[in-house]
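Here are a few exercises to work through with the model open beside you. Try each task before you read its solution.

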Amino acid sequence: MTPSQRRAGDTAGTLVLIGGGCSADGEALGTFVHRAGARDGGRIVGFTTASSDPMGSAIAWRNDLKIAGATNVEIPIVDRREVAQDRRIAELVSEAQGIFLGGGDQVHLVATIGGSRVGEAIREAYRRGAVVCGTSAGAAALTETILAGGEVDEQGVSTDMHIGPGLGLLGFRAMIDTHFAERRRLHRLFVAIASNPDLMGLGIDEDTALVVEGHLGEVVGKGGVTFVDGRGVRFDNANEVTSGSRLTLSYLRVGLLGPGYQFNLRERELDCLVKSKAEPQAVTSVKGDTAESPGVRR
C-alpha cells in the first residue's frame, strides 16, 4: 500500500507539521513536546540538516525545546549523506519518542537523508508510534511530494519552482507550503496545484501546526491552514506561467481551517462536514388507517 492510499491505523505515529516561525513557548511546538512525552523524560532526537548552519541551528533548537519543556534532547549533526548512513544515529532515532526536523532547505534535507539509514529509521519509528515534528522545511519535506522555489529571491530574481520527491511520511497526495500567510504564498501554491491537479496543497501559517493522526489533521496554534484542491479545475494556463503569463484558473477549490478544527485528509474536507454527510437523514411521512371526509386543501 502506498502512502497516498494509507488509511487510519496503518501507522501508529503522529505528525506535527509546523509552518515555521514557531515560538519556544507557543502551542505549536508545545504540542509536539507534549505528544512526545518529552516533559516526562521522553527522548527527542532532532536534525538540523536543512539549515545552512547545522551546528548553530542545533544549539538554538536545543534551547527552544528546553524552554518548551523537553528534558532529554539530542541533535546529532547530520550535514552530509555519509553521516546519514551512520548506524549509531539510526539507532538513536529508533529509540526516540519524538523526532524533530528543523527548517532551511527542504530539497537539501531530502537529498541528504532520504533513503539513508537515518531516513529509514525515521519512517520506521513513525510507523511504530513515534511523534515526528517538522517546522518550515522540515514540515515540507515530510510529504510524498515537496515544493520549493517559484518565488523572487533577495536579489529580485525569480527562481525556478521545484516539485520533487519528499520523505513520504504524509500521504494523501498532499503537498505542504509553509510561512504561508506571512510570505503571501497563496499564488505559488495555486501554480503548483494547477500544474499537478491531483495533489492537495496545505499552506500552514507561522507558529501554527497541523497535527495529523491517521487521516485526520487538527489545527493548533496562532494561525490557520489553507487547503487547495485542484481535482475540479476546468481551465488553467499553468504551463504558460513560466513564460511570463499571469495565472488563470477556474473551479479551483480553496478552504481555510482555523485552530480547533479537524480536516479529513482522505476526503479533503472539514471532518464535521464529512460526518454530517454520512449521517442518515430522517424521513418524514404521513400515515393513517382510516379515510376522512374531503376537506379544503391549501
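Helices (H or I, at least four residues) and strands (E, at least two) are DSSP runs, numbered from the N terminus. This is a predicted model, where local features need pLDDT of at least 70 and side-chain atom pairs count only at pLDDT 80 or more, while totals for chains, interfaces and linings use all residues. Residues are numbered from 1 along each chain as its sequence is written, and side-chain values use heavy atoms, with hydrogens and water left out.

**Exercise 1. Find out how confident the predictor is.**

Start with the score itself: pLDDT is the predictor's confidence in each residue, from 0 to 100. Averaged over the chain, pLDDT comes to 91, and 90% of the residues reach 70 or more. Then look at residues 1–9, where pLDDT stays under 50. For that stretch the model has 21 contacts (heavy atoms within 4.5 Å) beyond four places in sequence.

**Exercise 2. Describe how α1 and α2 pack.**

You need two values here, as packed helices are described by the angle between their axes and the distance between the axes. Axes are lines fitted to C-alpha atoms, for helices over the stretch in contact, and angles run from 0 to 180 degrees between N-to-C directions. For α1 (residues 27–35) and α2 (residues 54–67), the angle is about 80 degrees and the axes are 10 Å apart. That makes the two helices roughly perpendicular (65 to 115 degrees; under 35 is roughly parallel, over 145 roughly antiparallel and the rest oblique). Finally, pick out the contact residues: L29, F32 and V33 from α1 meet W61, D64 and L65 from α2.

**Exercise 3. Work out the surroundings of T143.**

Locate T143 in the loop between α7 (137–140) and β6 (145–149). Is T143 buried or exposed? With 0% relative accessibility, T143 counts as buried. Now check its side chain: a polar atom there lies 3.2 Å from the backbone oxygen of A140. Leaving out residues up to four places away in sequence, T143 touches G166, L167, G168, L170, A174, M175 and I176.

**Exercise 4. Compare R173 and R268.**

Take phi first: R173 is not a glycine, yet its phi is positive at about 55 degrees. R268, also not a glycine, has a positive phi of about 55 degrees. Then place them: R173 lies in the loop between β7 (161–165) and β8 (174–177), and R268 sits in the loop between β16 and β17. To finish, check accessibility: R173 is partly exposed at 31%, whereas R268 counts as buried at 4%.

Key:
Buried < 20%, exposed > 50% of the residue type's maximum accessible area, 1.4 Å probe, protein only. Polar contact = N/O pair within 3.5 Å; in protein donor to acceptor, adjacent residues only side chain to side chain.
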